[in-house]
Each structure stands twice: as structure tokens, then as C-alpha cells.
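Here are a few notes to read with the structure open beside you. Take the points one at a time and look for each feature as you go.

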Amino acid sequence: MTEMALTNRMVRYTKEQHNKSDKQVNAKLALVLTSPALYGEALSLFEPIYAKIEHLLLNDGACCDHPQLRKVAPLLAKLQRTSSFRADMAFYMSADHRAQIDEIRGAGRPIELAKYLKRLNDLAEKDPVAILSYVFHMYSAIFAGGFILKRIVSKAMGLPRESKEGLQTFCLDESCSDSPKRLTRELKRILNEEIELSEEEARRCIEEGLEVFRLNDALVATVQGTDAWKNAKYDFCKRWIARPLVAAAGFAIVTYYVWRISGQN
């Protein structure tokens, strides 16, 4: 019997948790995409995660010389997202807002983000191969569904059809001639064919996938505690609840005057 590829095992093992995570993200995305400032804050939660992964595996990071992890480094250099996230954060948030967020992040908040970064640092020290789980799940999330997400964000934010401003998170560097789909396939190929793991290492890598989604879910949940969330929720309610009330009031007034006029005739 043919052995199942590592990435297929990773997907199968996390399928249930992945579905739960998708539901949580989609529920919040509906409101997040009504506010540029809130969307910028949401990006700022995950920018440090991608920055940490890329720091650990590229250049002089703690894992750059690891015999297995360095096999994915050349591809990760093409996929890296840190500067793209920062460009979109600058697009959606004012300089003062970004400074405020930087201060909050510098203070180690939210705690869920600090725990996420600590997990990556701990793995880099004690079980580096498990970081492959983060590389696979986090970059697949950006690029496998990136085209659809890019269109959703563009439409929700009212961006010009051909513009890439505000959408850099989902765009490859212009110097890269490969498509996101091709690079995602290449990531799978490297993990399945080039990376050499013992069964025990593969098991730890696969099981870490559940932690990836749990940490992501905890981070996504923190978006509800921000002023930007409260403001977006208030604006949303005012826009979609007040309008029917105004319409109903207008209808009542018109009906009243029609009745008065009819009664006078």
C-alpha cells in the first residue's frame, strides 16, 4: 500500500479543527471587512507570526542551518509575507493608529499573541521540525485561497479593480514570476519529497497542526476586544438597523398624512 504523503496526512489530521476555525474566522470577517481600521488591526495580529517564522528560517535565524528546514528556505524567501502585511497595515491604518498598535504589541498584548510567539521560539529551540507545520498551514492559508480572499477584500473595501494597494498580503513580489498556485504545489513537493523525517518527527509535525489552528483561533478571538471592533459594530448597527427604522418612520408619516388628506375629502 502506498504511504500517504506528509501534507495529506497534515490536512486529514486537522480537518475537523480547520472547519471549526473557518467558521470562527468567517463569522468575524463579516464585520472586520466593514472597517479599514479594523481590518488593519486584524492584519497586525498575524504580521508578527509570519515575521517570526521568516526570521527563524531565513538569513541568520535560529533554524536557518537545520538540515531539513533549510530545504524549504529558498521557497520561503519567495513566499515571505512580512513586508506585504506591513504595506497593507500602512494602507488601512493611520500613522498614529500604527504607533498605538506598535505600543500595544511592544507591551506583549494581546497575551494570545505573546503565547503564539513563545510557542514558535520554544519549537525553534526544542523541536524545530514541528515548525514545518506552521509553514505549511500558514502559507497555504494565504496562497491556496488567496485569489478568493483578495477579491473579497477588494470588493468590501471598494478598491479599484486593477489596484494592488491594500492587497499586498495576497500578492507575490513583482520580481517573482511564479504563480501562487505553482508555489503552493512546490511547497507540498518539498515537504513530501525532499524533507526527510523519521516517523516520530512526522507524527510531531502532523500533531502540531492542531496547535496551529488553536493558536490562530485564540488570536482571531482577540479582535473583539478592540476599540476598532466596537466602532465598527456601532457603525454597522447604525447603518443597517437605523435605515429600516427611518424607512418605517417615513412610511408611517406618509400613511398618516394620506389618511388625514383622505379624511378631509
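1. Of the contacts in the chain with a separation of 6 or more, what percentage comes from residues 24 or more positions apart? It's 80%. Keep in mind that this is a predicted model.

2. Now for the overall make-up. The chain has 11 helices and 0 strands, so reading from the N terminus you simply get α-α-α-α-α-α-α-α-α-α-α.

3. The chain has 265 residues, and 42% of them are buried. Its accessible surface is about 15,300 Å², and carbon and sulfur atoms hold 54% of that.

4. Let's zoom in on one pair of helices. Two packed helices are described by the angle between their axes and the distance between the axes. Helix α6 covers residues 111-126 and helix α7 covers residues 131-143; they pack at an angle of about 130°, and their axes are 9 Å apart. That's why α6 and α7 count as oblique to each other.

5. Which residues make that contact? On the α6 side you'll find Y116, R119, L120, L123 and A124, and they meet I131, Y134 and M138 in α7. Sorted by class, the contact of α6 with α7 has 7 nonpolar residues, 1 charged residue and no polar ones.

6. Last, the aromatic rings. Searching the whole structure turns up 5 aromatic pairs. A pair of aromatic rings is described by the distance of the centres and the angle of the planes.

Conventions: Residues are numbered from 1 along each chain as its sequence is written. This is a predicted model: local features need pLDDT of at least 70, side-chain atom pairs count only at pLDDT 80 or more; totals for chains, interfaces and linings use all residues. Side-chain values use heavy atoms; hydrogens and water are left out. Axes are lines fitted to C-alpha atoms, for helices over the stretch in contact, and angles run from 0 to 180 degrees between N-to-C directions. Helices (H or I, at least four residues) and strands (E, at least two) are DSSP runs, numbered from the N terminus. Angles under 35 degrees count as roughly parallel, over 145 as roughly antiparallel, 65 to 115 as roughly perpendicular and the rest as oblique. Contact means heavy atoms within 4.5 Å. Ala, Val, Leu, Ile, Met, Phe, Trp, Tyr, Cys and Pro count as nonpolar, Asp, Glu, Lys and Arg as charged, and the others, Gly among them, as polar. Buried means under 20% relative accessible area, exposed over 50%, partly exposed in between (1.4 Å probe, protein chains only). Accessible areas come from the Shrake-Rupley method with a 1.4 Å probe; for residues, only the protein chains shown count as cover. Rings of Phe, Tyr and Trp (its six-membered ring) pair if their centres lie within 6.5 Å; planes under 30 degrees apart count as stacked, over 60 as edge-to-face and the rest as tilted.
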